[in-house]
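Please keep the structure in view while reading.

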Amino acid sequence: MSTDERAALQRHRLWGLVDRLVAAGGVQGRRLKDAGIGGGADVMPADLARLPFSTKQDLWDTYPFGMLAVPRDQVAAVHGSSGTQGRPTLVAYTKADLGLWAAMCARSLSCAGAGPGSIVHNAYGYGLFTGGIGIHQGAVALGATVVPMSGGMTQRQVRMLADLRPDVLTCTPAYALRLGEAVAEAGADAGSLKAGLFGAEPWTQELRAAIERVLPIKAMDIYGLSEIIGPGVATECLEQDGLHVNEDHFIVEAVDPSTGEPVEDGTPGELVFTTPTKQALPLLRYRTGDIASLERGECACGRTLARMSKVLGRADDMIVVRGVNVYPSEVERVLLGSGLVAPHYQLVVDGRAPAARLLVACEAVAGDPREELAARLHETLGLTAEVVTLPAGTVPRAEVGKAVRVVTWEDGPAPLPGLQ
Ligand code: DLL
């Protein structure tokens with residue numbers, strides 16, 4: 001679709017969304033009225049940046065069903081995320097929303113080269129988490145064959161990879177790495193795989209290279225969040241040059257996280273999404289907390305959709321050590337880029353002493369890389385950290401769910417054996 005055509009579609013859909021929110025009369029409708037907007041006709045596309053935001057706090061305040069824009073009996077499914085801060089975030093879908101979600105995940109799979117008849121080995125967790133069921137429905141909508149593995153039981157996954165000879169692997173990037181290792185350990189064959197669609201957690205180009213070394217695939221990034229729909233909000237194509245945002249259904253902006261003002265294309269900002277076509281839980285300018293930059297302009301694949309960079313980190317994942325702000329993915333880039341350690345790591349914030357210490361736990365591939373890595377972390381990130389090398393295979397691998405990159409050590413035993 002040309003960008004002009006899409007802009008017209010977005011405008012039309014945005015008006016409809018504003019009408020529905022005002023009519024539903026919930027927190028978002030009230031905010032619109034307070035801003036002097038009585039309906040869609042009052043909104044010009046350029047006005048998007050002055051419409052009110054919505055946040056995760058709104059979902060928590062109205063938990064579980066307070067932000068529904070349809071009667072409760074039209075809700076066909078609920079999903080959500082367990083939430084790192086211990087509070088669940090629940091989202092609702094009508095039948096039409098489930099259809100939209102399947103179509104978006106089908107698009108993502110086809111972006112990665114899958115098509116009717118492809119076999120998709122789906123190792124995202126099934127359940128409330130959107131990864132498993134979202135990709136599953138997308139594969140079915142595409143006319144592919146889905147193998148609903150869910151996470152964990154790695155030996156069985158290795159067996160299925162060899163027996164069913166899938167074309168596409170879908171799971172978290174950390175689990176892709178674990179599976180790749182397990183295939184090698186078992187001397188098994190994963191040679192049928194051509195592509196992987198990995199997301200649900202931040203991962204760097206360096207981790208991509210590590211995955212592509214252990215599995216015979218092109219590793220693509222897929223992004224999404226439950227509040228917006230789940231996986232299928234944005235995906236890389238085979239060019240691996242940014243994630244195409246499905247802008248006809250998810251209007252994207254990047255804003256300065258502290259002021260909320262738009263940032264220029266190419267500048268990292270907090271991603272903000274508007275969902276003009278969702279029914280059960282339509283969101284206006286939802287603040288994701290995810291930091292990435294946007295690019296407009298056609299991709300070599302021919303798609304005209306805006307592209308987002310890989311997510312640099314979540315605003316609330318940032319660690320502050322002695323005044324230096326770092327995202328775990330920046331540490332990942334230094335560690336994996338060095339070639340001195342295996343691609344598994346965990347950061348331990350030791351809060352037992354008054355001045356927090358940062359320990360970087362990893363596994364050396366040869367020799368003792370501790371001094372060298374500490375110097376590189378200091379040089380590249382300005383970060384003072386103690387690098388700790390653990391025996392091969394002992395840094396925790398994520399078998400189920402999202403990789404835990406940062407743990408805190410308050411009182412009690414060390415979170416990883418061998419730390420002091
Ligand atoms: O993680 C949806 C998903 C499932 C996306 C499978 C991709 C694949 P939530 O559990 O609600 O939904 O978590 C959403 O995860 O705000 C980001 O912080 C992070 N995230 C998701 N995808 C990526 C990615 C699913 N590709 C939160 N890169 C989001 C970096 C990601 N972070």
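Predicted model: local features only at pLDDT ≥ 70, side-chain atom pairs only at ≥ 80, totals over all residues.

Residues are numbered from 1 along each chain as its sequence is written, and side-chain values use heavy atoms, with hydrogens and water left out. The chain is divided into domain 1 (95-316) and domain 2 (318-409), with bounds that come from an automatic or database domain assignment.

**Domains and annotation**

- The centres of domain 1 and domain 2, taken over C-alpha atoms, are 25 Å apart.
- An unreviewed UniProt entry annotates residues 323-407 as "domain: AMP-dependent ligase C-terminal"; UniProt positions are given in the numbering used here, feature names are shortened, and annotations may be inferred rather than shown by experiment.
- Residues 323-407 are 27% helix and 32% strand, with 19 Å between the end C-alpha atoms. Helices (H or I, at least four residues) and strands (E, at least two) are DSSP runs, numbered from the N terminus.

**Interface of domain 1 and domain 2**

- Contact (heavy atoms within 4.5 Å) links 23 residues of domain 1 with 17 residues of domain 2.
- About 1,600 Å² is buried between domain 1 and domain 2, and 54% of this is on carbon and sulfur atoms. Buried area is the accessible area (1.4 Å probe) that two parts lose on being put together, summed over both.
- Of the area that domain 1 buries against domain 2, 26% comes from Thr-204, Glu-206 and Leu-312, more than from any other three residues.
- The interface holds 3 salt bridges, a salt bridge being a side-chain nitrogen of Lys or Arg within 4 Å of a carboxyl oxygen of Asp or Glu.
- Arg-333 and Glu-206 form a salt bridge, with 4.0 Å between the closest N and O atoms.
- Between domain 1 and domain 2 there are 10 residue pairs in polar contact, both residues at pLDDT 80 or more. A polar contact is a pair of N or O atoms within 3.5 Å; within protein, one must be able to donate a hydrogen and the other to accept it, and residues adjacent in sequence count only if both atoms are side-chain atoms.
- On the side of domain 1 that touches domain 2, α7 (173-186), α8 (205-214) and β15 (313-314) each supply at least two residues. The largest share, 5 residues, comes from α7.

**Salt bridges by the same rule**

- The count of salt bridges comes to 27.
- Arg-178 forms a salt bridge with Glu-181, where the closest N and O atoms are 3.6 Å apart. Arg-178 and Glu-181 are separated by about one helical turn because they are 3 residues apart in helix α7.

**Loop residues**

- Thr-304 is in the loop between β13 (294-295) and β14 (307-308). A polar atom of the Thr-304 side chain lies 2.6 Å from the backbone oxygen of Met-1.
- Leaving aside neighbours within four places in sequence, Thr-304 is in contact with Met-1, Thr-3, Arg-6, Glu-247 and Glu-298.
- The peptide bond from Tyr-63 to Pro-64 is cis, with omega near 0°. Pro-64 is in the loop between α3 (56-61) and β1 (77-81).
- Ala-200, a residue other than glycine, has a positive phi near 85°. Ala-200 is in the loop between β6 (195-199) and α8.
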